Amino acid sequence: MAKKKVMAVVKIQIEAGKASPAPPVGTALGPHGIAIMDFVKGYNAATEAQAGTVIPTEITIFEDRTFSFILKTPPTSTLIREKAGLTKASNNPGSQTVGSITAAQVTEIAEIKMPDLNANDLAGAKLQVEGTARSMGIDVV
């Protein structure tokens with residue numbers, strides 16, 4: 001069996017279990033001519049256990065209008081906001097801090113994000129998470 005030719009790769013972030021044919025899914029996938037409802041049903045079934053969390057997905061669309069998708073880990077900023085108990089980050093992150101997270105929480109987030117980060121080890125992943133927290137106006141204590 002020959003390999004299928006890839007026509008496009010689409011990356012979107014959708015709340016788990018709440019995909020619908022409306023934007024952003026419809027506008028991202030519609031121009032490629034794939035069956036949007038097939039993707040919606042598959043995505044919702046795969047993410048129903050993580051309801052309420054934003055899950056990025058990478059959809060590979062092939063020339064014969066079939067597709068496959070890969071689920072990624074939630075965005076680092078979302079995980080940090082959840083751990084800090086915040087709904088949004090600071091408007092002025094350099095001068096205004098809006099919350100804090102502990103080093104243990106940073107380690108926990110780094111372990112969750114490790115498959116999707118380009119870090120060589122857990123220490124590098126923790127540094128990336130700390131940098132994201134700092135850029136959001138959240139202290140690491």
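The structure is a predicted model. The mean pLDDT of the protein chain is 86, with 99% of its residues at 70 or more. Helix H2 (residues 36–47) has a buried side, and strands E1, E2 and E3 are among the elements that cover its buried residues. Three salt bridges are counted in the model.

**Confidence**

- Among the elements of the chain, the lowest mean pLDDT, 85, belongs to helix H1 (residues 25–29).
- The highest mean pLDDT among the elements, 90, is found for helix H4 (residues 103–113).

- The buried residues in H2 are Ile-36, Phe-39, Val-40, Tyr-43, Asn-44 and Thr-47. Because these residues cover an arc of only 120° around the axis, they lie on the same side of H2.
- Lys-41 and Ala-45 are exposed and are carried on the face of H2 turned away from its buried side.
- The cover over the buried residues of H2 includes strand E1 (6–15), helix H1, strand E2 (54–62) and strand E3 (67–71).

**Strand pairing**

- Strand E2 is mostly covered, with eight of its nine residues buried.
- E2 pairs with E1 in the antiparallel sense, and nine bridges join the two strands. Within this pairing, Val-6 has Phe-62 of E2 as its bridge partner.
- E2 also pairs with E3, again in the antiparallel sense, over five bridges. Here Ile-61 stands opposite Phe-67 of E3.
- The hairpin formed by E2 and E3 has four residues between the strands, and in this hairpin Arg-65 adopts a positive phi near 70°.

- Lys-11 and Glu-58 form a salt bridge in which the closest N and O atoms are 3.9 Å apart. Since Glu-58 belongs to strand E2 and Lys-11 to strand E1, the pair ties together parts that are 47 residues apart in sequence.
- The relative accessibility of Lys-11 is 63%, so this residue counts as exposed; the threshold for that class is over 50%.

**Salt bridge between Glu-15 and Lys-18**

- A second salt bridge joins the side chains of Glu-15 and Lys-18, with an N to O distance of 3.4 Å.
- Glu-15 counts as partly exposed because its relative accessibility is 32%.
- Lys-18, by contrast, is exposed, having a relative accessible area of 56%.

- The side chains of Lys-83 and Glu-108 meet in a salt bridge at 2.3 Å, N to O. Because Lys-83 lies in helix H3 (residues 76–84) and Glu-108 in helix H4, this pair ties together parts that are 25 residues apart in sequence.
- Lys-83 has a relative accessible area of 30% and is therefore partly exposed.
- Glu-108 likewise counts as partly exposed, at 37% relative accessibility.

Notes: Residues are numbered from 1 along each chain as its sequence is written. This is a predicted model: local features need pLDDT of at least 70, side-chain atom pairs count only at pLDDT 80 or more; totals for chains, interfaces and linings use all residues. Side-chain values use heavy atoms; hydrogens and water are left out. pLDDT is the predictor's confidence in each residue, from 0 to 100. Buried means under 20% relative accessible area, exposed over 50%, partly exposed in between (1.4 Å probe, protein chains only). The arc is that of the directions from the helix axis to the C-beta atoms. Contact means heavy atoms within 4.5 Å. Two strands pair if DSSP finds at least two bridges between them. A salt bridge is a side-chain nitrogen of Lys or Arg within 4 Å of a carboxyl oxygen of Asp or Glu.
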